[in-house]
Amino acid sequence: MTRADTPGAAADTLTGGPRPGRVRRPGVPLPLMLPALVGLAFLLLPLVALLARAPWRTLPDQLTSTAVWQALQLSLVSATAATAVSLVLGVPLAWLLARTEFPGRGLVRALVTLPLVLPPVVGGVALLLALGRNGIVGQWLDAWFGITLPFTTAGAVVAEAFVAMPFLVISVEGTLRAADPRYEEAATTLGASRFTAFRRVTLPLIAPGVAAGSVLAWARALGEFGATITFAGNFPGRTQTMPLAVYLALQNDPAAAIALSLVLLAVSIAVLAGLRDRWMTTS
Amino acid sequence: MTHTRQTAPGSTPTGVGGEGLDARLVVQRGSFRLDVALTVAPGEVVALLGPNGAGKTTALRALAGLVPVSGGGVCLDGAALDRTPPESRPVGVVFQDYLLFPHLTALDNVAFGPRCHGASKAKAREIAAGWLDRMGLADHAGAKPRRLSGGQAQRVALARALATRPRLLLLDEPLAALDARTRLEVRAELRRHLAEFEAVAVLVTHDPLDAMVLADRLVVVESGRVVQEGTPSEIARRPRTDYIAQLVGLNLYRGTAGGHTVRLEAGPAITTTEELSGPVFVAFPPGAVTLFRDRPSGASARNLWRCEVAGLETHGDQIRADLTGELSLAADLTAVAAAELGLQPGATVWATVKATQTHAYPA
């Protein structure tokens, strides 16, 4: 993939890569320059503040405390599980949207992207009504299988997957649309069923897109707050993920909140660095 | 969708008797309609030749089952394939840009087919290695497609298509992706492999040279219909449409013969050596045309036309003049002759062709 200059350079600066030459071009009009600089400061200032006020000396202790570890572990496990759910369900969904024609496909596609713009809290409420103990599906899960999702780790995974899966679907669908469908035809003429063609030809070809989508979905799941706290609650060790722990800690132990935030910031930067070639420069 | 076999009696050439391919392909797509009948004997190589957009590739895809047919039917070795999905047809396809799977090595590309047909991984690789060996590519078995040259990729694609032992081999513009020099080499090699292939081979091309070198028989398709078929030499000697005449480099006219004279629809007459009557074609090569600046005095008025130069272009080591006027024709002459005649667009010239250089045949 070729890298467009400006976004690539921006990513480089963020991640400490080579910097673009600092040639000040004459004639940047003040009415543009001033708001631009204020905007940049506005975006960077909170991050600077986070770093400035970080309790660097007590940080090792903070990060090794049981509560932090518990939250971090839970976050990593549930975000990874949510990503796995998204992969298993989302990749076939993306294939369906990209490769088949069916009535109402546009509508389905719009509905799939809805969780992207839906306030996560609303998602949590909706999940409760669907999968809660008295929800339209949840009551049967409870009655037939004894499965209760709300306020369990599985519930946290469900909430995160609900919010994160659209990222994966959209990413994979875009990659599928860009991939040449004639490879599937070639596989078919060699005797491969449509599923075999998908598994042995299409999937390896779109692997980079699937990977990028997974990382995005994983990052989104890791930061999920609204849907999780609504649907899964806030139980340490069970449903209290990092964002929830940060929110709670801020009220009685701000230093711990900052430490937890730093961890999430580090993860975010790592994700951005990992994706800069694929994601930052595609537009 | 139901397909009924509706090959009109007498619409297909005879002499196949169950073996080989017997197909009539009807594909309707918007206002474009493809309706082509195709009969190919085992061991025969047939080229579908035609301009871009004629429907050749659509015909090939219909044979492979990649495009649904709206009528007709495909019969291969006596079995109807109409309801057979593409993955179950005994068909191998070499695609125009080969479509080698970029994430697999040459060996695994070739092994893909046998593997899908139920061979174990080891067995499939063994088969694939055998094919690569036959193609002289044993050294490149481990290479990914992007590291192969155009000619090598073409051979891998052929090996991949042949590794499933198809009864029908389809090649879509097999040489189009190659540069001129590789093309010459690969064409000769492909000719050899096709000659060894014992089942039916159908290739699609817009290049007359490819078609004539590779195929035993040509089927010329224009606007979705077969306009002429025959051996390469028949087609080259007796073109029946302007498109083919241009491909084989002949001036072609249609008219009505009476004795040695063919009166063209547009007006002038051409004198020929053949004695025919009724609707005929007359053809002569551009090289047979002689040009004069002034009306030649001693010459008879037969096959002499007053023309105007519409355009000039180099054609090999010759100059090709496009002439309009009493008769529209192309004439080849040497650069020296062109200079001596002072040829330039708009100039008036007299063109003449000897009757012995023309060729007339029934339309």
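Chain B comprises 9 helices and 18 strands, where helices (H or I, at least four residues) and strands (E, at least two) are DSSP runs numbered from the N terminus. The model is a predicted one, in which local features need pLDDT of at least 70 and side-chain atom pairs count only at pLDDT 80 or more, whereas totals for chains, interfaces and linings use all residues. Residues are numbered from 1 along each chain as its sequence is written, and chains are lettered from A in the order in which they are written.

Along its principal axes, the C-alpha trace of chain B spans about 80 × 50 × 35 Å. Among the contacts in chain B with a separation of 6 or more, 63% join residues 24 or more positions apart, a contact being a pair of residues whose C-beta atoms lie within 7 Å.

Not counting residues up to four places away in sequence, B:Leu170 touches B:Leu60, B:Leu63, B:Ala64, B:Val91, B:Gly92, B:Val93 and B:Val202.

The axes of helix 2 of chain B and helix 3 (residues 121-134) of chain B come within 8 Å and cross at roughly 120 degrees, with axes fitted to C-alpha atoms over the stretch in contact and angles running from 0 to 180 degrees between N-to-C directions. The two helices are therefore oblique to each other, a class left once angles under 35 degrees (roughly parallel), over 145 (roughly antiparallel) and 65 to 115 (roughly perpendicular) are set aside. Residues of helix 2 of chain B in this packing include B:Val110 and B:Arg115, and those of helix 3 of chain B include B:Ile127 and B:Trp131.

Between the chains, 17 residues of chain B are in contact with 14 residues of chain A. On the side of chain B that touches chain A, the elements giving two or more residues are strand 6 (91-94) and helix 2 (106-116) of chain B.

Definitions and conventions:
Contact = placed C-beta atoms within 7 Å.
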